[in-house]
Amino acid sequence: MSNNIQGKVVVITGASSGLGEATARHLAALGAKVVLGARRLERLQTIAQDIMTAGGEAAAFAVDVTRQQDLEALVQGALDAFGRVDVMINNAGLMAISPIRERRIDEWDRMIDINVKGVLYGIAAALPVFEQQNSGHFINISSVAGIKVFSPGGSVYSGTKYAVRAISDGLRHEVGGSIRTTTIEPGAVDSELKLGSGHQPSAEVVMEFYKQAIPAESVARAIAYAIEQPADVDINEIVLRPTAQDF
Ligand SMILES: NC(=O)c1ccc[n+]([C@@H]2O[C@H](COP(=O)([O-])OP(=O)(O)OC[C@H]3O[C@@H](n4cnc5c(N)ncnc54)[C@H](OP(=O)(O)O)[C@@H]3O)[C@@H](O)[C@H]2O)c1
């Protein structure tokens, strides 16, 4: 019997490390055809090669999610390689923690460009395909910091993750019918995300906080659960944390 993942074409941004990489490997092992996007093409090619060596199907494309045309090219690449797109996972993200008074405006710009505009560009690229197919599934990665403000230091990051939740829920409401929308809100997960803070005192707090982190495969399994549901069931939100995490 089909697991409802087998044969699906799944596009994943930020697939070169962390949650995106783990999700690509997990879904490919369950029979999905995965299309990987991120800036570090060599890493993507290594992951894609591993997947193909294990008998799976994968394609890799260099993508900077701050460039709308790169997302259009990624979705077109998926269509060229596999003929359709079933799931668009808007996962690429950056977490740069620092108090607002530090005025690290370059980091604010980068987080807004990657975490918010990057998600919107991914939605814009896949939505026409989903509408034409009359089916599709958006999975957008927010955070527990998109439910509660991570403060001090996480105000802007939280702002971007609140935005992802708001956009996802509005999208779900607007497109309804045959297109599914899931928002994932993870707590501390082991990945390269914890290395993204240039403000040293905040970076130290983050490293301490991430001692409780759980493996990226935990999120991959949650994503698989959302995808494997029958087409008339839309898992709207999944919140998951380390059992030990209070925030
Ligand atoms: N880890 C956690 O505790 C946690 C918790 C809640 C939510 N999240 C969210 O989960 C998502 C994935 O993060 P992660 O934890 O897996 O961190 P990660 O290991 O740092 O992965 C981030 C990914 O995003 C990609 N990326 C960054 N900027 C990009 C850009 N401009 N264009 C294209 N790709 C870009 C990176 O690839 P390249 O550098 O190769 O481009 C990388 O593949 C993020 O949205 C993050 O906010 C993580």
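**Salt bridges and the ligand site in the predicted model**

A search of the whole structure finds 13 salt bridges. The model is a predicted one. One of these salt bridges joins the side chains of arginine 40 and glutamate 192, with an N to O distance of 3.2 Å. Arginine 40 lies in the loop between strand 2 (33-38) and helix 2 (41-53), and glutamate 192 in the loop between strand 6 (179-186) and helix 6 (200-209), so the pair ties together parts that are 152 residues apart in sequence.

Both residues also bear on the ligand site. Arg40 is listed with Arg39, Tyr157, Ser191 and Tyr210 as the closest residues to the ligand. For glutamate 192, a polar backbone atom is 3.0 Å from an oxygen atom of the ligand. Two further polar contacts were computed. Arginine 39 places a polar side-chain atom 2.7 Å from a ligand oxygen atom. Valine 65 uses its backbone: an N or O atom there lies 2.9 Å from a nitrogen atom of the ligand.

The ligand on its own has 880 Å² of accessible area, and the protein covers 96% of this. The space taken by the ligand is the largest pocket.

In total, 29 residues surround the ligand. By class, 14 of the shell residues are nonpolar. Ten are polar and five are charged. Arg39 and Arg40 are among the closest residues of this shell.

Technical notes:
Residues numbered from 1 in each chain as written. Predicted model: local features only at pLDDT ≥ 70, side-chain atom pairs only at ≥ 80, totals over all residues. Heavy atoms only, no water. Near = heavy atom within 4 Å. Polar contact = N/O pair within 3.5 Å; in protein donor to acceptor, adjacent residues only side chain to side chain. Areas by Shrake-Rupley, 256 points an atom, 1.4 Å probe, with all protein chains shown as cover. 1 Å grid on protein atoms, 1.4 Å probe; cavity = no way out; pocket = protein on both sides within 12 Å on 5 of 7 lines; lining within 4 Å. Sits in = over half its atoms within 2 Å of the grid points. Nonpolar A, V, L, I, M, F, W, Y, C, P; charged D, E, K, R; others polar. Salt bridge = Lys/Arg side-chain N within 4 Å of Asp/Glu carboxyl O. Helix = DSSP H or I, 4+ residues; strand = E, 2+ residues; numbered from the N terminus.
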